[in-house]
Amino acid sequence: MLKRAAAIGLHAILIIGLIGFFGFRGNISRSEAAESSIAASAYSPRFTGELEHGVTIRVLENDTAIQQGYFEELIDAFNAAYAEQGIKAVDANMDQYLDLENDGPYGYGPDVLYQANDVLMKYVDGNHILALPPDALEAWEQIPASAWEAYQAQGGIYGVPVNIQAPVLYYRSDMIPDNWRDEWDGDKNGVPDMLESWGAMYRFSRGIREGNPAAYGYMKSLWDPYFALGYLFSYGGYIFGEDTYDIGLSAGDAAIGAGVIRQLASVMNEDCIDDTVTKNGYAKLASGEYFAVMTTPDVYTLFTKEFNLAGTPVDNLGVAAVPALPADGDLSGPGAELIPFKVMGGVNGYAVSSYTKAPNACLAFVNFASGYDMMLRRNALLGIVPARADAASEAGGLSEMVNKKLADNEIVIMPSVRALAQVWTPAGTLFSDIAKDPYRPQGEMKYTEAAAFQEGLEKAGQQIYDAIHTLQ
Amino acid sequence: MLSAIKHGNRKVLLSMFLMGLGQLLYGQIAKGIIFLLIQAMGLWFFIGFGAKAIYGFFSLGALVADPSVGLAGDNSVVMLITGIFAFIMLGLYIACYISNVKGAYNTQLREGCGLPPARFITELKDMADGGFHKSALFLPVIGVCVFNILPIVYMILIAFTDYGGDIVPPALVSWTGLSSFARIISLGQFAPTFSKILQWNALWAIMSTAINYMCGLGLALLLNKPCVKGKTFWRAFPVLAYAVPGFITLIGFKFMFSYGGPINQMITEAGGRAVGFLDLDAKWTARLIGLLVNAWIAIPSSMLLATGILSNMDNSLYESATIDGAGAWKRFKSITLPFVLFATMPVLITQFIGNFNNFGIFYFLRGGLYIDGYFLASDTDLLINWLYNLSIDNNYYSIGAAISLIIFAITSAVALAVYMLSPSYRQEEMFK
């Protein structure tokens with residue numbers, strides 16, 4: 001009995017011994033590993049300046065750029081320019097919402113990514129994208145510091161800004177009354193008041209509705225935080241202060257901004273509560289049912305398509321900066337003093353994946369794609385606002401205007417932190433609640449006084465805080 | 001095995017020390033060589049991979065990867081998975097070891113009875129005959145271990161780590177014991193929301209299962225009636241609804257009930273005011289729409305199931321009942337329903353669990369809302385949606401795994417209790 005138990009024991013010892021010995025030998029302890037960590041530098045040492053020859057780099061572009069044919073032009077031009085070095089760029093052919101953080105370590109993902117700053121910068125934690133060498137970035141001097149800031153973290157630059165995303169106003173120029181110089185140009189500056197002031201836009205929208213209940217002035221899905229947060233920013237609100245513990249949706253006089261949203265909702269219809277206007281805005285602006293909508297510059301081509309479909313001349317499509325707000329927040333009042341509308345914006349750009357085998361070739365692609373010529377081409381084909389000052393100046397119009405707003409700090413760039421993802425649902429719920437309020441029966445309205453707006457903003461701020469920190 | 005340890009002879013003892021040795025000494029060369037090969041492969045596996053994987057399972061890595069400088073480092077999640085795999089392989093190795101010892105001992109017993117050691121061919125024939133269940137199930141069991149057991153164990157173990165939040169690869173994950181469960185229990189904000197959502201979740205699961213089942217059965221009975229003409233044609237309509245992917249149906253219904261959707265258009269064109277069917281004030285309207293949309297998606301499958309079962313009904317039962325004076329309702333209550341319930345109880349329980357954990361309905365119809373009085377949830381969210389908000393949406397995988405284990409405990413207890421009380425279990429012989 002003893003011998004047999006010993007035989008089994010010996011066999012077990014053999015296996016356990018093997019596991020112990022080879023297991024221990026194949027691993028190191030966490031304390032040993034900490035000693036062997038590599039010191040961080042301002043940019044990745046993998047950028048040696050020597051191009052990798054005979055490589056193919058996979059580029060993830062945005063869907064619109066691919067559909068409109070810009071991306072094909074870009075890679076064709078790049079491949080021709082780098083044919084001698086044997087460097088070839090191809091479409092990564094991946095979902096534009098890929099998750100490099102989870103996919104990259106397993107070998108799946110593009111070499112170069114084009115995405116919004118808040119999406120790209122979440123990859124900095126864990127070093128999924130490479131810190132770029134500023135000296136090697138050709139667009140360095142031409143891109144304003146405020147755009148670079150969106151890509152700065154841990155003392156490094158992690159992306160190259162390509163286009164500035166900020167809300168602008170699309171409107172029907174032919175719907176502006178012929179006598180606007182007499183009736184709608186109070187400051188006599190040659191610009192219709194409704195394009196300069198939300199108060200005038202509100203009064204104009206109300207006038208349109210009174211004339212024809214089926215027609216609307218300004219329309220927008222007001223629940224959408226990307227656009228609605230600007231009303232809060234303009235009166236002192238903010239998302240994150242020093243860190244994500246400081247949430248400032250209700251800071252300053254943000255409640256006044258929330259009140260502006262409710263006033264605007266009252267001259268729209270229930271479509272402003274959900275995303276109906278976001279979906280039908282292009283067609284309804286083209287058909288003349290709406291006078292104006294707010295959206296981003298990169299959807300210009302979607303408007304022109306709808307205008308062509310509706311048989312409306314594209315010349316009737318106007319684009320303007322978002323109007324200014326009355327300092328007291330009363331859209332129906334005389335609106336003596338105006339304050340600039342601080343819109344929420346983003347900076348889309350290129351970053352280089354840490355999992356690439358050819359970082360220097362990727363950098364060459366990023367430099368090529370963010371060059372002056374390609375920026376102008378991108379602007380012409382997609383209607384985007386170039387982040388390069390020289391290209392924006394050459395493009396003029398909207399591009400120049402948005403660049404100026406960025407320089408004047410009237411565009412609040414989306415925070416490049418992972419916690420931003422927790423802002424959308426609480427803020428969207430609040431704005432939806434405010435937009436719904438004018439359509440509630442008289443006794444059930446929630447936002448009839450300033451304190452209610454303040455309370456709503458504080459509650460949304462608390463929800464954001466809870467979502468970020470409760471389980472941290 | 002215990003008998004082998006107590007009474008095994010020297011050859012069995014040698015098999016205990018080195019797999020296959022006893023068989024070789026008994027002259028069972030082929031079997032002995034196979035066991036020796038298993039032994040060699042086992043050693044090769046543990047030296048080359050298994051040992052490191054098992055060690056990594058406990059340590060979850062030490063070296064933080066830095067892809068920006070090409071430093072591969074350790075991936076805790078992969079180490080956890082490979083560790084579980086190595087344990088499965090260790091289990092298989094132990095099973096082979098036991099089989100080896102038992103085999104040698106059986107030969108010893110045969111020898112004691114004056115029989116020669118079983119020949120390899122004979123043993124193979126036995127495996128295909130008396131031991132067929134073992135040989136037939138061997139490969140499927142391996143498949144189940146790798147493709148079912150491994151992911152389930154992985155998900156369960158995640159609940160005992162700090163995986164999630166800022167701790168995702170390349171950051172290293174650590175074992176934290178029961179701290180995820182402790183955190184869920186200790187958070188005061190969770191309790192009221194959990195209670196409210198659980199109540200709604202239970203009501204939803206019961207209501208939706210009952211509606212889907214009864215409507216499916218009703219439709220099947222209706223289409224089974226001899227007076228219905230063109231049965232195939234009518235049956236095709238629900239099947240079409242079933243064939244469309246669920247999320248597309250849900251997005252379609254969301255549009256239909258939106259402010260700009262066709263239903264509100266008809267209402268406003270008729271002079272009414274647009275109705276917020278799914279907006280943030282629409283608690284019970286949204287819940288009702290959820291039930292109806294779920295019925296639209298699920299009734300066809302219930303109908304098909306019931307149609308199949310009804311085709312096995314013994315018509316003489318109905319004839320006898322009719323002769324005895326039973327009306328249509330009495331026949332349905334006393335014959336049809338018990339028979340169908342008996343046959344479909346396990347499916348009904350599966351449907352109940354599926355509805356209890358029906359993530360898609362309210363995620364697509366009314367996602368993206370946090371309602372007053374709920375902690376990071378809306379009044380139509382089910383536990384599974386809340387779990388998503390809290391964990392996946394927030395990246396807290398360990399908390400998510402812990403909550404899923406709690407949901408699993410609830411649903412499995414309900415399912416087990418219902419099944420034990422059902423005629424399918426208690427009166428198994430009744431319909432045979």
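**A buried glutamine and a nonpolar surface patch**

Q422(A) is buried, with a relative accessibility of 9%. That value lies under the 20% limit for burial, and therefore Q422(A) falls in the buried class. The structure is a predicted model. Q422(A) sits in a loop of chain A. This loop runs between β14 (411-413) and α18 (424-436). Beyond its neighbours within four places in sequence, Q422(A) contacts residues of chain A and chain B.

A nonpolar patch lies on the surface of chain B. It is formed by I34(B), F120(B), I121(B), L124(B) and M127(B). Together these residues present about 430 Å² of accessible area. Helix α6 of chain B (residues 120-128) supplies the largest share of the patch, with four residues. F120(B) belongs to helix α6 of chain B. The relative accessible area of F120(B) is 32%.

Chain B has an average pLDDT of 88. In that chain, 98% of the residues score at least 70. The lowest confidence in chain B is in helix α19 (residues 423-426), with a mean of 72. The highest is in helix α16 (residues 360-366), at 94. For the complex, the predictor gives an ipTM of 0.78 and a pTM of 0.81.

Technical notes:
Residues are numbered from 1 along each chain as its sequence is written. Chains are lettered from A and ligands numbered from 1 in the order in which they are written. This is a predicted model: local features need pLDDT of at least 70, side-chain atom pairs count only at pLDDT 80 or more; totals for chains, interfaces and linings use all residues. Side-chain values use heavy atoms; hydrogens and water are left out. Patches are made of residues with over 30% relative accessible area and no salt bridge: like charges are joined within 9 Å, nonpolar side chains (Val, Leu, Ile, Met, Phe, Trp, Tyr) within 5 Å. Accessible areas come from the Shrake-Rupley method with a 1.4 Å probe; for residues, only the protein chains shown count as cover. A salt bridge is a side-chain nitrogen of Lys or Arg within 4 Å of a carboxyl oxygen of Asp or Glu. Helices (H or I, at least four residues) and strands (E, at least two) are DSSP runs, numbered from the N terminus. Buried means under 20% relative accessible area, exposed over 50%, partly exposed in between (1.4 Å probe, protein chains only). pLDDT is the predictor's confidence in each residue, from 0 to 100. Contact means heavy atoms within 4.5 Å.
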